[in-house]
Amino acid sequence: MTPFWITGLPRSRTAWMSAFLTNGDVFCHHEFLKDCTSREMFYEAMSVQDKRIGNSDTGLVVTDFQTRFPDSKTVIIDRDPVDVYVSLSEIYEGINLDNFWSMVQDISELKGMRVPFDRLDDEMPNICEYLDIPYDKARHELFKILNIQTTDLVLRHETVKVWR
């Protein structure tokens, strides 16, 4: 089966998306890149054929996945970079602006379904249809009130340099 991809800048609800989309025969990793030591390890894991696999990754630093899996679908959550930076600054000190703006640029060049951050809940039925995943309205209503997020900062230089 062809994997699917969810990405966006940090603080764009990728952790929430991973949790929501993992249901039944669908498993959506969250920030799986951090658990892999190489691109090959990552791509091999994403090539599992016995179930529907996805990866929801904040600031996906491997942007060649669309070349590696040309038939895969990608959802890009578009959030204003200034809002993201302000949100990150409230939690973390010393954000590397070069890495941040590089991430903004990389994500802007991806192809796929673009969803404005503030319309994510409204667009969930369409996102599920685009990804060929069943939409569960009752589950969505339960998930709307959940605040699911990670505290790992993906902008660390050592993380980025492994994948670039």
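User: Is Thr14 buried or exposed?

Analyst: Burial is read from relative accessible area: under 20% is buried, over 50% exposed, in between partly exposed, using a 1.4 Å probe and protein chains only. Thr14 has 3%, so Thr14 is buried. This is a predicted model: local features need pLDDT of at least 70, side-chain atom pairs count only at pLDDT 80 or more, and totals for chains, interfaces and linings use all residues. Residues are numbered from 1 along each chain as its sequence is written, and side-chain values use heavy atoms, without hydrogens or water.

User: Where does Thr14 sit, and what does its side chain make a polar contact with?

Analyst: Helices (DSSP H or I, at least four residues) and strands (E, at least two) are numbered from the N terminus. Thr14 belongs to helix α1, residues 14–21. A polar contact is a pair of N or O atoms within 3.5 Å; within protein, one must be able to donate a hydrogen and the other to accept it, and residues adjacent in sequence count only if both atoms are side-chain atoms. Here the side chain of Thr14 pairs with the side chain of His30 at 3.3 Å. Contact in general means heavy atoms within 4.5 Å. Beyond neighbours within four places in sequence, Thr14 contacts residues including Thr7, Asp57 and Ile77.

User: Which residues have the most contacts inside the largest nonpolar core?

Analyst: A nonpolar core joins buried Ala, Val, Leu, Ile, Met, Phe, Trp, Tyr and Cys residues through side-chain atoms within 4.5 Å. The largest has 21 residues, and Trp5, Leu9, Phe42, Met46 and Leu88 have the most contacts inside it. Elements giving two or more residues to this core are α2 (39–46), α4 and α5. The largest share, four residues, comes from α5. Apart from this core lies another, of 19 residues, among them Phe4, Ile6, Val75 and Met113.

User: How do the axes of α4 and α5 cross?

Analyst: Axes are lines fitted to C-alpha atoms, for helices over the stretch in contact; angles run from 0 to 180 degrees between N-to-C directions. The axes of α4 (residues 81–89) and α5 (residues 97–108) come within 12 Å and cross at roughly 145°. Pro81, Val84, Tyr85 and Leu88 in α4 meet Leu97, Phe100, Trp101 and Val104 in α5.

User: How many helices and strands does the protein have?

Analyst: Eight helices and five strands. From the N terminus, the order is β-α-β-α-β-α-β-α-α-β-α-α-α. Of the 164 residues, 46% are buried.
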